[in-house]
Amino acid sequence: MNYYGAKELAAGFRTVRKNTGVIAEEIGEEHYGFRPAPGTRTVAETLIHVAVSPRFQHQIHAVEHLSDLAKFDFMDFFGSLMVIEKKPHTKQHVVALLREEGERFAGWLDTLTDEFLGERVAMPPHVGGSKSRFEMLLGTKEHEMHHRGQLMVVERILGITPHLTREFEARMAAMQSAKAGA
């Protein structure tokens with residue numbers, strides 16, 4: 001019995017993407033060119049990277065249905081995504097891209113079977129071993145959470161308290177108030 005399958009994978013991804021979208025909305029467009037340190041992505045580049053990176057897993061699993069990543073042209077694929085990241089985009093376009101790409105990917109995740117998720121994919125020779133499609137697809141959410149954490153630090157640098165922190169603080173204050181009134 002699986003407790004976490006395609007529907008949960010899609011729902012979890014939607015939650016993560018929704019929270020990334022809130023951050024994209026909260027950071028002012030005037031800060032989309034902000035780069036926290038030399039050699040890092042700007043806010044806009046990070047958001048675009050997050051928006052389009054699920055295309056990698058979709059290409060491997062849905063389009064090519066690869067069972068061996070030694071057959072995948074990583075340089076060509078990621079080169080095309082990097083071109084998208086480097087193009088100038090308005091905040092409105094970035095927010096729309098996050099929403100559209102996220103729902104496209106989550107909608108596809110919704111359709112997957114347990115059998116598909118259980119299939120093994122051989123890693124490239126320099127990595128070795130294999131992973132289930134489930135593990136690889138879950139990595140998409142983990143990748144976005146990594147970059148969302150970076151964006152939350154950027155929010156702090158810009159003087160913005162991240163929405164998840166504000167929500168947590170509000171819950172804590174409500175619990176303290178309820179406890180004091182009891």
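Two residues are in contact when heavy atoms of theirs lie within 4.5 Å.

**Figure 1. Overview of the predicted model.** Among contacts between residues at least 6 apart in sequence, 72% join residues at least 24 apart. The protein has 8 helices and 2 strands, and from the N terminus on its elements follow the order α-α-α-α-α-α-β-β-α-α. Its C-alpha atoms fill a box of roughly 60 × 45 × 30 Å along the principal axes. Of the 182 residues, 40% are buried. The accessible surface comes to about 10100 Å², and carbon and sulfur atoms account for 59% of that surface.

**Figure 2. Helix H2 and what covers it.** H2 spans residues 43–52. The helix is mostly covered, with 10 of its 10 residues buried. The buried residues are Val43, Ala44, Glu45, Thr46, Leu47, Ile48, His49, Val50, Ala51 and Val52. Their cover includes H1, H3, H4, H5 and H7.

**Figure 3. The largest nonpolar core.** In soluble globular proteins, nonpolar side chains tend to be buried together. The largest such core in this model holds 29 residues, of which Tyr32, Val43, Leu47, Leu69, Phe72 and Leu98 touch the most other members. Two or more residues of this core come from each of helix H1 (6–26), H2, H3, H4, helix H5 (91–110) and H7. The most come from H2, which gives 7 residues. Another core lies apart from this one; it has 12 residues, among them Leu9, Ala10, Phe105 and Leu117.

**Figure 4. Tyr32 and its contacts.** Tyr32 is one of the residues that touch the most other members of the largest nonpolar core. Leaving aside neighbours within four places in sequence, Tyr32 is in contact with Ala24, Ile27, Thr42, Val43, Ala44, Leu47, Lys91, Val94 and Val95. Two of these partners, Val43 and Leu47, are also listed with Tyr32 among the core residues that touch the most other members.

**Figure 5. Thr46 in helix H2.** Thr46 has a relative accessible area of 7% and so is buried, since buried means under 20%.

**Figure 6. Glu85 in helix H4.** Glu85 counts as buried because its relative accessibility is 5%, which falls under the 20% limit. Leaving out residues up to four places away in sequence, Glu85 touches Arg41, Glu45, Ile48 and His49. Glu85 and His49 are 36 residues apart in sequence, yet the distance between their C-alpha atoms is 6.0 Å.

**Figure 7. The largest pocket and its lining.** The space in this pocket is about 340 Å³. The lining consists of 16 residues, and those closest to the pocket centre are Phe56, Gln57, Phe78, Met136 and Gly139. Helix H3 (54–63), helix H4 (74–86) and helix H7 (133–157) are the elements that each give two or more residues to the lining. H7 gives the most, with 6 residues. Sorted by class, the lining has 7 nonpolar, 6 polar and 3 charged residues.

Note on methods: Residues numbered from 1 in each chain as written. Predicted model: local features only at pLDDT ≥ 70, side-chain atom pairs only at ≥ 80, totals over all residues. Heavy atoms only, no water. 1 Å grid on protein atoms, 1.4 Å probe; cavity = no way out; pocket = protein on both sides within 12 Å on 5 of 7 lines; lining within 4 Å. Points joined across faces, edges and corners; volume = space filled by probe spheres on them. Helix = DSSP H or I, 4+ residues; strand = E, 2+ residues; numbered from the N terminus. Nonpolar A, V, L, I, M, F, W, Y, C, P; charged D, E, K, R; others polar. Buried < 20%, exposed > 50% of the residue type's maximum accessible area, 1.4 Å probe, protein only. Areas by Shrake-Rupley, 256 points an atom, 1.4 Å probe, with all protein chains shown as cover. Core = buried A, V, L, I, M, F, W, Y, C linked by side-chain atoms within 4.5 Å.
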